[in-house]
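Please look through the structure below with attention to its pockets, its charged pairs and its backbone. The paragraphs after it take these topics in turn.

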Amino acid sequence: MAPRDGSQERTGTPDTVEKGMATINTLRIGVKAFVEKDGEKRKAEILSIQRKKGEPNYYVHYEEFNKRLDEWIPASRLDLSQEVEWPQPEAPTKKSQKSTAPAPKSATLPKQTAGQKHPRTSNTVATSRKNSESPELSTTTGNAAKPARSPLVGGKENRPGSDRSISVIAPEITTDTPKGEDSELDLVDIQDAAAAAKASNPQHQAPYSREEEIEKLRTGGSMTQNQTEISRVRNLGHIQLGAFEMEPWYFSPYPSTFTAAETVYICEFCLSYFDSNQTFTRHRAKCTLLHPPGNEIYRDSSVSFFEIDGRRQRRWCRNLCLLSKLFLDHKTLYYDVDPFLFYCMTTRDEHGCHLVGYFSKEKESAEGYNVACILTLPQYQRKGYGKLLIAFSYELSKREGKLGSPEKPLSDLGLLGYRAYWAETVTDVLLDHEKNSKDGKGSSEISVEEIGALSAMTTNDVLHTLQNLNMLRYSKGQHVIVLTEAVLEAKEKAKAKEKAKGLTKRRIEPARLMWKPPVFTASSRTWNW
Amino acid sequence: MTRATTAAALGSQRIRQRKLNTRNGLGIVREDELEPIDDELQRNVPRIDTGIEKAEEQQVIPISSALEHHLQAALSASQAAAIGGKVAQIYIPTPDAVPSSIDYEKLYPLKYKQPHSYIRFSSTVEDVAGCPYDLDEEDEVFLRSMNKRKNASTQCSDVVFEEIMNCFEETAQSQQPWAAVDSPPVISYETTEETMDDYLDYAQKRFSKEIYEHWKTRRLEAGNKSLIQGLKFETGADTDDADPYVCFRRREVRQIRKTRGRDAHSAEKLKKLRKELEESRELLAMIKQRELHKREQLEVERQLFEQRTNLRQVKQNLPDQYKQGDEDILINQKPKKKPLEITQRMPNIQIPRRTDGRPAESDLLHLSEWHAEREREISEAIEEKIRQHQKWNEGFVDLTKAPLTPPSETGTGSTFRTATTEYLPTPPASVSSEHSGDGGMDFGTVNANKAESVAVRYASPSYDGPCHSQPSYRRRFGRGGRLLIDRRGMRMTQKENVDSAIADRYKYDDDDDENEVPRYYVDPFDTASMVFRSRILPGQPTQAQMQAMRAQREAALAAQAANHGNSSTRSSRQPGSDG
């Protein structure tokens, strides 16, 4: 957001970015160079450099791509025939390696203040967070807004200074902004993704100060806005889990010694982690767990759901969180798992109940969230399990008699998953209602809140969905809901697809859910151990 | 919103859109039912104020990923689809998961049997994951070389090795919980020995010394950190907060406001807890008692068994000493069955059983017999009840009845009895005089009665026996143990002999009616009184009598005057006027 600021800063940026040719030896952290990726050259920022067998390896982040695509590359993939961008000269590279104390503001600020509209309330500013304007971005997005950004220095980001505090800038989305999709306006901000990912300028992106954030997390919550949390170099190479091997997407605070291990082995049932095959094999000889350690609350022909109390199964839930952090960027493990319940979906065979995905849920959510974190494990993705998980979370909300919504922010995959589910659910509700009213049951009209009540979705989510699907229109002086061709077509397509696969769609059958909303006393709601 | 309204103004000036109310019903229509002009208007989709703060809305997805290419592509694809465009569904590429090369079947054996009902499970990972220490490559090398030195019978297995290592680890953890912070020296073997019993059995301990050296070496290599790979938890140091590896921090305890109600509540809880603990302690004590008894019983049984063995030995040695019934004491006799008590219900039960139709008058009871039986049972029951009551009351003294009912009159000394005179053949010795008489003066029996507490009486029925004319007395005890003697019918035996004038003097000497004005009943026609009257009525008092009376009166007046001051002067004159 903050288009004004961005544009103002943009004017100053070109001078500050230093471009030039580089050699292998002069590359350093923070440099942006073009890297060969899938047959094309992409601009990427070097986040870390390691020598392996004498050859330097670079950990790069491709700009404007999700961090899960960050990777280690050999020097051969770097295209040094083009100019590279050097990080801000005053960016204290050495210091940032250690990522420690904020530097006194006076030393670092002068250049920035000119372009800063936001009031800076505190005196201390982490130097490494100084904006370094990046001009190249101004062209990459069609938005007028350019955020200030700085190079990420060092693999680990500095802690945000206390200056993070302030001001979400009031987004005056100007009428002349040429936006690609109108409807995205509210959901998608105009900031450069890569810039934000690196948390170059926290004032712009984080509406929370560090303290506020921690306080928020303390009282529940599992998602973080905090850039330091999400901008770390991935620490594990490979994961061996069950019958699969996969690459982790993000950093997860497994024991730091595991970084050295080529593969980290994770026991499929107890989710314990091992850095060698030997210890893992020994563990498997002893481990007797065959399913998530909780009560089964749902079972149908293909899946089971288990409910696990984070307080009672602390070890297991921690293991689960560590695992899921590998695939969830914004998840935070800052605080313990006590205030959450974990609903784990499994498939069954004679080996046991294999964890497919899970969602966590606050025992008592002040904000009415019915999901904190939600994840389908990579080996089960794109098989419809995500939607099933989401459906189950709403089924629980229906049983509780509450409306629910997932905790924000959603990841990219999460957003798509939820949107798809919402679209389908709302469409189903409308079609049902239309059918009923044609059969003479009930009125022909339905309000947004009624849709919400039928699906346990919050009114806002319903509204957003209707808008995104372009279903909310104005006709003859009043609002109507339009079952658009596109929506109906999508519905038909989905049906046809199911038929083609010969599968009946996976559904949650409410009758099979044997569950009463658990009640917790104040003390067991987990303010302490 | 601005755009929407401007567009609306441009498109059709007539309509100003109303705000959407989420509570109002909305019609559901198909696209073809819409009028084209409306559709035209819809191109400018009204942005409805959803009530979310802008900032909040932006948190729906992380800003960082907002403009990522893949997400953008996917979003715009779905958006295009929603509007009606033909777009292929776009996926966000993710690193693939590939089948692993590990021997899955071996590592995860087919052990799972799905129970019929939903699983309920509460064991923790710690419960089910076995020994937390896992043998690693380095240990393996050590263990092989160690086992090479041993013969086949004394090999140390992986499991035992792990147990021992775990014992060291846990001991170290409990002895030096802050090893990560203050890096103390590796604990000594002696220290581990103290707790070893908790972890290891005898067979395992054989290897402990050797393995300790290995463990110590490894700990030293690791800087005395735990060999079990663990997560980094907060240590209280300042660096915690910045360290990305520190995770799962404790949430600080939220201060709860102190109120009286809460205090009382927790006090109540504590009380309850204490009570429950006490109860369970008692229960345990009783269990202990029971087990002691059991042990005693077992000992007795054992003795019995030994005695029997002895006896058998003896009998085998002396086969000719056979005695009938000896076998009986070699085995436990079944306790004799108690004869079944015949209850009154039995006849009722028997009757329906008679299914063969045979006339069985002989078995039938006559009504009278049955009545008699019934009677007998009732009386037996009553007897039984009485016996029971007596048994219950044994050793108790019933004090509740005594004050209300008079004690039985059989006790000596509690009733009036005639006074009899007895002449002793010889004057009794002064000491034994009390005991000699059986006429009621036996204090021994009195004491005995008193001991039985029947002698106390607060109200006695007036008992006027036939011996009214005879003098009689009784002895009773008043409050505080005072001994009272009541007399009755005590007649002055010499009354006739006493001079009547003297007797008359005492005639009305009765303490009881002190307050009453004494009335003398005199026969007016008695000659003596007539003579008296004749003398006093006509005649003047004698001179001497008059003087005496005056003197008397004046003395009284003088005394009065002394008492009353000047009023006495007046009264002193009065006598004068009187006179």
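What follows is a guided reading of selected local features.

This is a predicted model, in which local features need pLDDT of at least 70 and side-chain atom pairs count only at pLDDT 80 or more, while totals for chains, interfaces and linings use all residues. Residues are numbered from 1 along each chain as its sequence is written, chains are lettered from A and ligands numbered from 1 in the order in which they are written, and side-chain values use heavy atoms, with hydrogens and water left out.

The second largest pocket has a volume of about 2100 Å³. A pocket here is an open set of points on a 1 Å grid over the protein atoms alone, where a 1.4 Å probe fits and protein lies on both sides within 12 Å along at least five of seven lines, and lining residues have an atom within 4 Å of a point; the volume is the space filled by probe spheres set on the points, which are joined across faces, edges and corners. Its lining holds 50 residues, and those nearest the centre are Ser226(B), Ile228(B), Gln229(B), Gly230(B) and Leu231(B). Elements giving two or more residues to this lining include helix H10 (277–286) and helix H11 (314–325) of chain A, together with helix H8 (158–175) and helix H12 (208–221) of chain B. Helices (H or I, at least four residues) and strands (E, at least two) are DSSP runs, numbered from the N terminus. The lining divides into 20 nonpolar, 15 polar and 15 charged residues, where Ala, Val, Leu, Ile, Met, Phe, Trp, Tyr, Cys and Pro count as nonpolar, Asp, Glu, Lys and Arg as charged, and the others, Gly among them, as polar.

In chain A, Lys37(A) and Glu71(A) form another at 3.4 Å, N to O, which links strand E2 (residues 32–37) to strand E5 across 34 residues. Lys37(A) is buried at 13% relative accessible area, and Glu71(A) is buried at 17%. A network of salt bridges links Arg282(A), Lys286(A), Asp134(B), Glu140(B), Arg144(B), Asp158(B) and Glu162(B).

The backbone deserves a separate look. Glu64(A), in the loop between strand E4 (55–62) and strand E5 (71–74) of chain A, has a positive phi near 65° although it is not glycine, and Glu64(A) is buried with a relative accessible area of 7%. Asn224(B), in the loop between H12 and H13 of chain B, has a positive phi near 55° and is buried at 6%. The peptide bond from Lys408(A) to Pro409(A) is cis, with omega near 0°, and Pro409(A) sits in the loop between strand E18 (405–406) and helix H13 (412–438) of chain A. Helix H15 (residues 459–468) of chain A is mostly covered, eight of its 10 residues being buried, and just after H15(A) the residue Asn470(A) takes a positive phi of about 60°.

Definitions and conventions:
Buried < 20%, exposed > 50% of the residue type's maximum accessible area, 1.4 Å probe, protein only. Salt bridge = Lys/Arg side-chain N within 4 Å of Asp/Glu carboxyl O.
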